[in-house]
Amino acid sequence: MEIPAEVRRYWLPILLFTAGFLFQLLVLPRHFPPTHYDVLGIERFAPVERVVEAYERLSKEWLSETNHQPTVDIIKIRYAYELLTNPILKRDYDLYGLDEHMDVLERVKEQYQKEHFLKIDLPLLKDSVVSLTDDAFNLLTHDSFNAAIAEEYPLIILVYSKGSPRCAHFIEYWKQIGTRLDGIAKIAMVEVGDSQLAGHFTEKGFSKQPFFRNGIPAIVAYPANCRSPSCYMRYPGGLYVDSVVDWVATSVVGLPRILYYAKEALGPQFIGKSGHHKVKVIFFSSTGERAAPFLRQAAQEYSSYASFAFVLWSEDESQIWWNSLGVESAPALVFLKGPGTKPVVHHGNFSKSEFTEMMEEHKHQDLQQLRSDTSLELGCDARGHSRAGNDAAIWYCVIIAGRPGVELGKKRQILRKAQDQLIGAVDGSTTGNVDDSIEISSAATAFKDERLTFVWLDGEVQKQICAFYLATDFSGACGPRGFGDDNDKPEIFIVRFQRNATYEALKAEKKNNLVEALQGQHAYASQLVARYKGPDEIQEINRWISQIIRDGDTREIPYFTSKVPDLVPEETNKEWLRSTKNIRSAGKSLKEKISFHFKDYLTDPRIGSTLLMCGCVSLGIIWLRNNKPTQSTRQEKAPKDRTKRPRPKLSTSLFGQPSESIADVEPKDARQWEMSDSDSD
């Protein structure tokens, strides 16, 4: 069917008029339903006395014999009466439009819609009172509010109502949230009856009526760096303990998330990709809950030493975890302290203090890595001291250098076992069980006196210092691995450090020298390096170490110093650290001004009138364009119909100027004679 020309011409006004009328007649009324005052037929915000009078008048009407009012309408009237005669419920409804009992109304309407109204079980609404007998809830007032947000800890506030059944149900969860947030955030509560304070956390739509978008209880948070009353953050999720705690820990405090890994991804995605020098800390959970805040704090504090992961425990995979990690059941905590080491397993729950003690005990690998932030602590830096202190003049550091991979992992296991043998020898000497082998006594004594340290060096990252210690013959141990290069040859060597009091005295005299102060890179201790050329056997390695220590402690060796390359700082993975926090102000930021929810626009009565006005304007513009007088158009076309006058002929004079004569115009009655074929004289 062909659309009429007039409809095609005026399609825009028709569309705007239709949208405007539909919005005013259908959309807007749905978002402004009749209030409970309208149901009783009284003015809004009427006092309780007027509510009682209206209800008594209506009840007399439906009790009369001539009344045929539906039961559903009677239920609405009764519901409005009970709500508006309850002081707390009426206060919440008048201030913020809160009505949490609509489910009760719908259930009763469905249950008794075909029954007589006298069969309705009254009252419809049951009293729900929030009991706060514990002082730990920290109920805020308008006077104590400013002092509370000025503290150094983040502040989490619960906005509640004394008569709200949802708040009465949530209060037990709130206690659990406060317990889990202990130490990282403080909690407080605000009652909606304190309209000056509670109204600060509301939102306002186009009607300027304050409201809580998701009802109450509502949760807001003030971060630690927030000192203004308007810089709070609103919690957008569901009212669950795990969800609220995760939001506070991640979005408010800025703690890291500890991810869950499946059994297929734990090896390649977690153990394989986390730092080679880090202890792997694995939590087994049977509930699937997110990590507690104190675990996230530990993940942040010990990020230089350990990596953390969660695994969901299931009975189907129990045999796998028992064979690989020795985990019998969940909850469990596992520490992996290096390749080939026996996992350290702790079964059962643990407190924050217990976990801190375990982390301090197991934060280092059994064979630590020589890094820029651990070289002085391990006693493997010429500019520092041994682990025994300043009094030790000679100390040693056994280093295995190589590129991370299978071969380096094997050598690390061998060197770790050599270290464990010395630990056993030390323990045997203290208990009286002296080892039969005296060949490793020098190494055991030096290890006991903390003059001997075992470490490993990443030759791929620390290629300069690796090449310095191994001289020129370092192929396969130092430098990056090339494409298809599997020639990994880790090297074991020992560095002897010796402090020289005379040399240090000379350095102290020269400390005022500007050049020496600017350089400051010379080694403070003499270093001698010996490489191990023997077989990969634990006993042979310890014999070689003992021989080096005996010779180094007894022989007079010249004092040599040289400039030692610095260790390259290895980056620590801290993506959760944020320079700024996403703090939203209470409706004052530009983002909130332009990012209203779509439903908010459906409550704006100006939209319908704006559409109608735009329709009128577009109708007028189109009508004016289509009904302009044609006189001007004819005047514009008239000059085009006239006979064109011939152009004057220009003379071709010497100077190129036109002739003063004008060509004659052809007379109107002139006739054109036909030319004959004959030639005329």
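Is R481 buried, partly exposed or exposed? R481 is partly exposed, because its relative accessible area is 29%, where buried means under 20%, exposed over 50% and partly exposed in between, computed with a 1.4 Å probe and protein chains only. Before continuing, please note that residues are numbered from 1 along each chain as its sequence is written. The model is predicted, so local features need pLDDT of at least 70 and side-chain atom pairs count only at pLDDT 80 or more, whereas totals for chains, interfaces and linings use all residues; side-chain values use heavy atoms, with hydrogens and water left out.

**Stop 1: salt bridges**

Side chains of opposite charge can pair when their charged atoms come close. D488 counts as buried, because its relative accessibility is 16%. By this rule, the model has 28 salt bridges.

Next, select D242 and R290, whose side chains meet in a salt bridge of 3.2 Å, N to O. This pair links distant parts of the chain, 48 residues apart: D242 belongs to helix α11 (residues 241-252), and R290 to the loop between β7 (279-285) and α13 (293-301). Helices (H or I, at least four residues) and strands (E, at least two) are DSSP runs, numbered from the N terminus. D242 is buried at 18% relative accessible area, whereas R290 is partly exposed at 36%.

Then select K411 and D536, which are joined by a salt bridge of 3.8 Å, N to O. K411 lies in helix α17 (residues 406-431) and D536 in the loop between β15 (525-531) and α22 (538-554), so the pair ties together parts that are 125 residues apart in sequence. K411 is buried, with a relative accessible area of 14%, and D536 is partly exposed, at 42%.

**Stop 2: cavities**

How many cavities of 30 Å³ or more are there? The count comes to 3. On a 1 Å grid over the protein atoms alone, a cavity is a set of points where a 1.4 Å probe fits but cannot get out, and lining residues have an atom within 4 Å of a point. Grid points are joined across faces, edges and corners, and a volume is the space filled by probe spheres set on the points.

For the largest cavity, of about 110 Å³, select its lining: H277, S304, Y305, K363, H364, Q365, Q368, Q369, R371, D373 and T374. By class, this lining has 1 nonpolar, 7 polar and 3 charged residues. Here Ala, Val, Leu, Ile, Met, Phe, Trp, Tyr, Cys and Pro count as nonpolar, Asp, Glu, Lys and Arg as charged, and the others, Gly among them, as polar.

The second largest cavity has a volume of about 70 Å³. Its lining includes L83, L89, D92, S161 and I216, and the lining divides into 4 nonpolar, 4 polar and 3 charged residues.

**Stop 3: the backbone**

Most residues other than glycine have a negative phi, and most peptide bonds are trans. Stay at I216, which a cis peptide bond with omega of about 5° joins to P217. P217 is in the loop between β4 (210-211) and β5 (218-222). Another cis bond runs from A330 to P331, with omega near 0°; P331 lies in the loop between α14 (318-325) and β9 (332-336).

Now select F45, which is not a glycine but has a positive phi of about 65°. F45 is in the loop between α3 (36-40) and α4 (48-63) and is partly exposed, at 45% relative accessible area.

Move on to helix α18 (residues 441-448), whose buried residues are S442, A443, A444, A446 and F447. Just after α18, E450 takes a positive phi of about 65°. E450 is partly exposed, with a relative accessible area of 36%.

**Stop 4: the end of the tour**

Finally, select L25 in helix α2 (residues 11-31). L25 counts as exposed, because its relative accessibility is 60%.

How values were computed:
On a 1 Å grid over the protein atoms alone, a cavity is a set of points where a 1.4 Å probe fits but cannot get out, and a pocket is an open set with protein on both sides within 12 Å along at least five of seven lines; lining residues have an atom within 4 Å of a point. A salt bridge is a side-chain nitrogen of Lys or Arg within 4 Å of a carboxyl oxygen of Asp or Glu.
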